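Open the model in your viewer and keep the selection panel at hand.

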Amino acid sequence: MAKKYILKRVLPDEPVTKRPISDVDFKIDYKNILNPAQYEAVINTEGPVLVIAGAGTGKTQTLVYRVARLVEMGVNPQSILLLTFTRKAAQEMLRRAAALIDSRCEKVSGGTFHSFANLILRKFANRIGYPSNFTILDQSDAEDVINLIRTNLGYDKQKKRFPKKQTLYDIISLSINKQCSIEEVVALQYPQFLDFIDDIKLIKVEYEKFKKKNALLDYDDLLLSLKELLEKDEDFRKYIHKSYKYIMVDEYQDTNKLQAEIIKLIGGTSRNIMVVGDDSQSIYSFRGANFKNIIDFPKDFPDAKIITIEENYRSTQAILNFTNQIIALMKEKYPKTLYTKNEYGVLPQIIAAQNTTLESKFVVDKVLELREEGIALQDIAVLFRSGYISYDLEIELNKAGIPYRKFGGIKFIETAHIKDLISFLRILNNPVDKISWFRVLQLLSGIGPKKARSLTDEIEAAINHNNFSFKSFLDDKNVPESTFDLFKILNEASSKSLTPADKLTIILPFYEKILREKYDDFPKRLKDLEIFLAISERYRSLSSFLDDLALEPPTQSVYDIESPGSEDEFLTLSTIHSAKGLEWHSVFVIGVVEGFFPSTRSSETYEDIEEERRLLYVACTRAKRNLFISYPLVMFSRFEGLTYSKKSRFIAPIDQEYYEEWIINEA
């Protein structure tokens with residue numbers, strides 16, 4: 001007998017409920033792979049979610065599995081937006097997610113705030129009054145433009161000290177990223193320049209005009225333009241809301257006010273926003289990062305679900321007990337107590353040395369001892385509040401023959417010879433780029449700033465009259481003879497059929513002659529040119545190549561590498577800010593003394609002191625098995641001579657059950 005099937009009529013006013021998604025539907029066994037807190041963060045896909053992920057708790061794994069789950073749920077990968085602070089981090093997360101399920105995860109929209117803004121603005125450049133081939137200024141270029149304006153307005157001849165180009169850029173940039181006035185930034189950061197408020201504002205106005213006229217956008221413009229489009233252009237806003245249904249933000253504690261506002265605008269009505277971060281690791285306020293973004297997320301989204309991940313996979317329990325005490329005294333925080341299933345381990349050590357020399361000798365002896373125990377130098381790091389604190393240690397390391405590498409200094413992209421080459425390419429991509437013309441022309445024999453400015457004005461006039469071409473300047477008898485070869489190679493390299501590598505191959509022989517005359521150490525710099533050419537070979541589009549150089553520049557230069565010796569292994573010396581996100585078997589934190597940690601310059605406000613406390617917490621949570629914190633009992637001051645010092649207020653209140661204390665004296 002046939003079975004009966006009765007159709008149930010659904011009335012128009014009855015809600016149609018979705019079938020609940022269970023883990024049975026998924027390829028990945030999320031519940032058993034992830035710990036309970038990670039699992040909760042992964043399965044909560046709808047509405048606003050704040051994930052407080054303590055140091056070493058598998059934050060990246062949580063994001064990777066959440067991407068995978070959304071894709072397994074059938075969400076269009078291109079409608080998922082993953083924002084991180086380096087494009088490399090986003091690419092690595094998506095690669096790992098693809099390895100878990102399939103290549104669909106690689107289609108997720110991932111990158112930095114700036115690369116995302118650039119991608120969108122290239123499509124909608126006309127809506128902000130720019131051509132789609134606008135040039136992105138990096139910080140150094142932006143400072144040069146500001147310096148040009150500063151000089152043109154006569155501020156280089158001021159009798160009273162006037163802010164330099166770096167300071168002016170910093171003031172303008174901070175006012176944008178913190179979404180506050182020039183007056184507020186100057187009053188807080190540079191009170192000595194309060195008399196020049198109107199002058200700084202004038203320079204800002206002229207800077208904006210210059211960029212607009214020459215189709216230039218700096219890093220801040222990318223974000224500001226995106227925010228303004230989202231606020232003012234309803235059609236654009238609808239396009240973004242339709243395109244991106246799920247937003248995830250990594251390292252939310254490091255976002256600035258402008259970035260936080262962009263996230264709220266992108267979220268739209270669906271508000272499927274998950275931000276991940278650790279309030280205890282917010283240490284970049286000097287770059288404009290706003291600690292309040294992560295603290296106020298529940299105020300911005302009152303229905304936000306807050307998930308705290310506390311199981312640590314990096315450190316021993318002994319180290320975690322100690323670091324938990326450092327942040328216990330923070331007044332404004334999300335409560336968390338990190339724990340681990342790792343071994344308990346040895347207690348951290350606090351070492352008081354009679355002076356800085358003995359402190360350095362202790363580090364050297366202990367490093368050699370650890371190496372004898374089988375710990376490779378690459379697994380050991382010495383961290384410090386400021387770069388100068390390691391100077392004495394560097395002398396002792398050299399004496400002991402211990403190879404080291406100190407992190408910091410000039411980046412590859414900021415070296416003069418690479419900036420020269422980039423200027424050639426920027427001219428080819430955007431001939432109206434006045435600042436690049438100004439740089440390139442001054443490379444030529446017999447052309448100084450005055451002549452370069454005059455030639456740049458001629459080029460600009462030709463462009464404005466639509467009769468500019470590189471070839472036309474070859475026939476212009478009024479143009480100096482020294483520029484003939486320049487216009488010849490630019491004309492040859494301007495063909496649109498050429499790749500970035502092809503263009504560089506034309507430019508390099510011309511530039512190498514200049515390099516050999518300009519720099520005594522040209523052999524080192526020549527190697528950088530080879531590296532630059534090799535990087536360019538990955539690209540088919542000049543515009544894409546220049547965008548990546550501005551937004552995700554390579555960092556290591558042959559010219560800048562501080563050689564640690566001929567050995568392959570080396571000890572890491574690093575400022576704490578440069579060490580965030582990294583980990584080592586054994587970590588030394590040196591100079592943890594009042595007046596240096598916290599820095600006297602950071603002790604004026606409660607917010608500054610709290611950030612210094614978080615900085616020490618970040619340093620200590622880099623350690624997996626051994627943690628050594630040292631400070632000198634006597635220090636030398638140029639103004640006060642020998643002075644007695646005491647350990648930092650951040651470790652002084654910690655109960656001695658959480659550490660061992662040692663005093664180092666001369667043998």
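Domain bounds here come from an automatic or database domain assignment. The model itself is predicted.

**Stop 1: the domains**

Colour the chain by domain. Domain 1 takes 30–121 + 226–309, and domain 2 takes 135–214. Domain 3 takes 317–403 + 565–663, and domain 4 takes 412–552. Now place a centre on domain 2 and another on domain 3, using C-alpha atoms: 37 Å separate them.

**Stop 2: the six-stranded sheet**

The order to trace is β3-β2-β6-β7-β1-β8, an open sheet with parallel pairing. From one strand to the next, the twist averages 15 degrees.

Four bridges link β2 and β3, which pair in the parallel sense. Pick Thr84 and find Thr112 opposite in β3. Helix α5 (residues 113–123) packs on this sheet and touches β2, β3 and β6. The direction of α5 makes about 120 degrees with that of β3.

Next, select helix α2 (residues 36–43). α2 lies across β1 (49–53), β7 and β8. Against β8, α2 runs at about 145 degrees.

**Stop 3: strand β6**

Select residues 246–249, which form β6. Which way do the side chains point? Tyr246 and Met248 go one way, Ile247 and Val249 the other, and all are buried.

Look at both neighbours. Strand β2 (residues 80–84) runs parallel to β6 and is joined to β6 by four bridges. Leu82 stands opposite Met248 there. On the other pairing, β6 meets strand β7 (residues 273–277) in the parallel sense over three bridges. Val249 has Val275 of β7 as its bridge partner. Follow the chain from β6 through helix α12 (residues 257–267) to β7: this β-α-β crossover is right-handed.

**Stop 4: a helix pair**

Select helix α10 (residues 219–232) and helix α11 (residues 234–243). Their axes lie 6 Å apart, and the packing angle is about 105 degrees. Angles of 65 to 115 degrees count as roughly perpendicular, so that is how α10 and α11 stand to each other. Show the side chains at the contact. From α10 come Leu226, Leu229, Leu230, Glu231 and Lys232. They meet Glu234, Phe236, Arg237 and Ile240 in α11.

**Stop 5: the seven-stranded sheet**

Trace β13-β14-β12-β15-β16-β11-β19, an open sheet with parallel pairing. The edges are β13 (404–407) and β19 (660–664), which each pair on one side only. Here the strand-to-strand twist averages 20 degrees.

Zoom in on strand β15 (residues 584–589) and strand β16 (residues 623–632), which pair in the parallel sense over five bridges. Ser586 stands opposite Asn626 in β16. Helix α27 (residues 606–620) packs on the sheet and touches β12, β15 and β16. Its direction makes about 130 degrees with that of β16.

α16 lies across β11 (349–353), β12 (380–384), β14 (571–575), β15, β16 and β19. The angle between α16 and β16 is about 160 degrees.

**Stop 6: His417**

Select His417, in helix α18 (residues 416–429). Is His417 buried or exposed? Its relative accessibility is 0%, so His417 counts as buried.

Technical notes:
Residues are numbered from 1 along each chain as its sequence is written. This is a predicted model: local features need pLDDT of at least 70, side-chain atom pairs count only at pLDDT 80 or more; totals for chains, interfaces and linings use all residues. Side-chain values use heavy atoms; hydrogens and water are left out. Buried means under 20% relative accessible area, exposed over 50%, partly exposed in between (1.4 Å probe, protein chains only). Helices (H or I, at least four residues) and strands (E, at least two) are DSSP runs, numbered from the N terminus. Two strands pair if DSSP finds at least two bridges between them. A crossover is right-handed if, with the strands pointing away from the viewer, the path from the first strand over the helix to the second runs clockwise. Axes are lines fitted to C-alpha atoms, for helices over the stretch in contact, and angles run from 0 to 180 degrees between N-to-C directions. Angles under 35 degrees count as roughly parallel, over 145 as roughly antiparallel, 65 to 115 as roughly perpendicular and the rest as oblique. Contact means heavy atoms within 4.5 Å.
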